[in-house]
Amino acid sequence: MTSYKDTRNGTLGPDFSTKLSAWLALGCITARQVHQYLLDFEDGKTDLGKGVHGYGKGENKGTAAVRFELLWRDYFRLATWKFGPRLFRIGGFKDDTTTSWAYPQKNPAVQHKVSRFLEGRTGNGFIDASMRELFLTGYTSNRLRQNVASFLAKHMGIDWRIGAEWYESLLVDYDVNSNWGNWQYNAGVGNDPREARMFNPVKQGHDYDPQGAYVKNWVEELRSLDDPQLLFQPWKMGEEMKRELGLAGDEWIEEPLKRIEFH
């Protein structure tokens, strides 16, 4: 908890986040209970956490950050109470009608793009790693969830609700308010004063997975690569390297859904 502020944007390993989200979503523990445990830790009133840095020394940036995230969960719950079914509508809480979304129902090309997105074969290493991790484990980090939502909604312009529904079907920590509220937030139709919010997943990969360890862990086809640029942008591989890896001609390598540049 004391290191949460510094580690919360991690991507790989068991200890970069609290891992409380599933227990909260399933009702096994409440936000108030977590808050009380934090108070007892900060005040040195419990043996739980005794000997850990920060024990008995009051609120620190780590415990404050955990509380902030608990409040964020409550905020989305309150937003659902206020806006009701608009949580699930394409226009979101803003009732936005200005965005032209692409829908897969009657467009085979969009259907194919959606299939590749869900399968983790977009051609963007950071996004593909997250989609594969989600499918195999039911979990992916907060940092990746934001990038995935931004990729589908902002970079691809595809109905953001497809991503929200996919997350709903797979997440072990699925919470209706947080999931759909966050997808709206990243799609630009929720409650966000920064309407132009868009993540560059290549830059984000360099920032939060600088050696590409996370991508290598989940995208097995790229594990023999060492250059982070190629891990995040595998379409930049030369023809000889593609042949050596057995990737020559693979659609997700040759034709990424979006060529996002970052140097």
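Predicted model: local features only at pLDDT ≥ 70, side-chain atom pairs only at ≥ 80, totals over all residues.
Local features need pLDDT of at least 70 and side-chain atom pairs count only at pLDDT 80 or more, while totals for chains, interfaces and linings use all residues. Residues are numbered from 1 along each chain as its sequence is written, and side-chain values use heavy atoms, with hydrogens and water left out.

Let's start with the charged pairs. Count a salt bridge wherever a side-chain nitrogen of Lys or Arg sits within 4 Å of a carboxyl oxygen of Asp or Glu, and you get 16 of them. One of these joins Arg73 and Asp175, with an N to O distance of 3.7 Å. Arg73 belongs to helix H4 (residues 61-83) and Asp175 to the loop between helix H8 (160-170) and helix H9 (176-187), so this contact ties together parts that are 102 residues apart in sequence. (Helices here are DSSP runs of H or I, at least four residues, numbered from the N terminus.) Asp175 is buried, at a relative accessible area of 11%; buried means under 20%, exposed over 50%, and partly exposed in between, using a 1.4 Å probe and protein chains only.

That H8-H9 loop also holds Asp173. Its partner is Arg145, and the closest N and O atoms of this salt bridge are 2.9 Å apart. Arg145 sits in helix H7 (residues 142-155), so to speak across the chain from Asp173: the two are 28 residues apart and link distant parts. Both Asp173 and Arg145 are buried.

Now look at Arg116 and Glu251, whose side chains meet in a salt bridge at 3.6 Å, N to O. Since Arg116 is in helix H5 (residues 108-119) and Glu251 in helix H14 (residues 251-254), the pair ties together parts that are 135 residues apart in sequence. Which of these side chains is tucked away? Arg116 is buried, with a relative accessible area of 6%, whereas Glu251 counts as partly exposed at 34%. Elsewhere, Glu42, Glu59 and Arg67 are linked in a network of salt bridges.

On to the backbone. Most residues other than glycine have a negative phi. Lys19 has a positive one, near 60 degrees. You'll find Lys19 in the loop between helix H1 (4-7) and helix H2 (21-25), where this lysine is partly exposed, with a relative accessible area of 29%. Asp95 has a positive phi too, near 55 degrees, and lies in the loop between H4 and H5.
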